Amino acid sequence: RSSDLSTAYLFVGGLDKAHAFKGVKYLLEAFSHLPEDTDLLIVGDGDLKVEYERFADQLQVRSRVHFLGRLDQETLVDVYRTADVFVFPSINRAEAFGLAALEAEACGKPVIASDLPGVRTVVLQGETGLLIPPKDAERLQQAMLRLHEDKALSLKLGERARIHAEKFSWDTHIRS
């Protein structure tokens, strides 16, 4: 990344028709309006990957969108740690929980996510991240820009996210 002021956003999820509810098109649309010093890391694979790559080309952001494919667990953890903000733009209630968002929080990352019932158990508005209406690329872009411009807020949300994620650990559940 070019400077300390740059921001790397991360998405992790299936890139196939079965996971079209993950909202990757809305994410790419939102990302296309962000400054040049931002990058988008997309982890996952599937039959829609080529379509998403073409869409990134159309939006003229392909040079800043990095399709990383499927990653082994160790590499994935490294990518979570490298990213600044995790983005979880699911578009409907097919997203029942948000394990990837919880993994990001466990790595101390703030999460921007769609305001959906299951996701709200993982991402707490203004505490561990920012919730936005599903299918709203403009609000998604505004939230992404906010965490790009306000590094202190991003760090604060990330720290609270890490603490919040501990509530979901096996150790916590075994002890309770």
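Contact is taken here to mean heavy atoms within 4.5 Å. The structure described is a predicted model.

By this criterion, and leaving aside its neighbours within four places in sequence, I91 is in contact with A20, F21, G23, Y26, P134 and K135. I91 itself is found in the loop between β4 (85-88) and α4. A separation was also computed between I91 and T38, residues 53 apart along the chain: their C-alpha atoms are 23 Å from each other.

One of the contact partners of I91, Y26, is also among the residues through which helix α1 meets helix α5. Two packed helices are described by the angle between their axes and the distance between the axes. For α1 and α5 (residues 137-149), the axes come within 8 Å and cross at roughly 55°. This angle makes α1 oblique to α5, and the crossing is right-handed. On the α1 side the contact is formed by Y26, L27, E29, A30 and F31, and on the α5 side by A137, L140, Q141 and M144. Sorted by class, the residues of this contact comprise 7 nonpolar, 1 polar and 1 charged.

Helix α1 (residues 24-31) also packs against helix α2 (residues 49-58), at an angle of about 20° and with the axes 10 Å apart. Angles under 35 degrees count as roughly parallel, and α1 and α2 are therefore roughly parallel to each other. The crossing of α1 and α2 is right-handed. From α1, the residues making the contact are V24, K25, L28 and E29; from α2, they are E51, Y52, F55 and A56. This contact has 5 nonpolar and 3 charged residues, and no polar ones. Residue E29 of α1 is listed in the contact with α2 and again in the contact with α5.

Empty space in the model was examined as well. Rolling a probe the size of a water molecule over the atoms shows where empty space is left. The largest pocket has a volume of about 240 Å³. Its lining consists of 16 residues, and V12, G13, G14, V43 and G44 are those that lie nearest the centre of the pocket. Helix α4 (residues 99-106) supplies the largest share of the lining, with 3 residues. In terms of class, the lining of the largest pocket divides into 7 nonpolar, 4 polar and 5 charged residues.

Methods
Residues are numbered from 1 along each chain as its sequence is written. This is a predicted model: local features need pLDDT of at least 70, side-chain atom pairs count only at pLDDT 80 or more; totals for chains, interfaces and linings use all residues. Side-chain values use heavy atoms; hydrogens and water are left out. On a 1 Å grid over the protein atoms alone, a cavity is a set of points where a 1.4 Å probe fits but cannot get out, and a pocket is an open set with protein on both sides within 12 Å along at least five of seven lines; lining residues have an atom within 4 Å of a point. Grid points are joined across faces, edges and corners, and a volume is the space filled by probe spheres set on the points. Helices (H or I, at least four residues) and strands (E, at least two) are DSSP runs, numbered from the N terminus. Ala, Val, Leu, Ile, Met, Phe, Trp, Tyr, Cys and Pro count as nonpolar, Asp, Glu, Lys and Arg as charged, and the others, Gly among them, as polar. Axes are lines fitted to C-alpha atoms, for helices over the stretch in contact, and angles run from 0 to 180 degrees between N-to-C directions. Angles under 35 degrees count as roughly parallel, over 145 as roughly antiparallel, 65 to 115 as roughly perpendicular and the rest as oblique. A crossing is left-handed if the near helix is turned anticlockwise from the far one by less than a right angle, and right-handed if clockwise.
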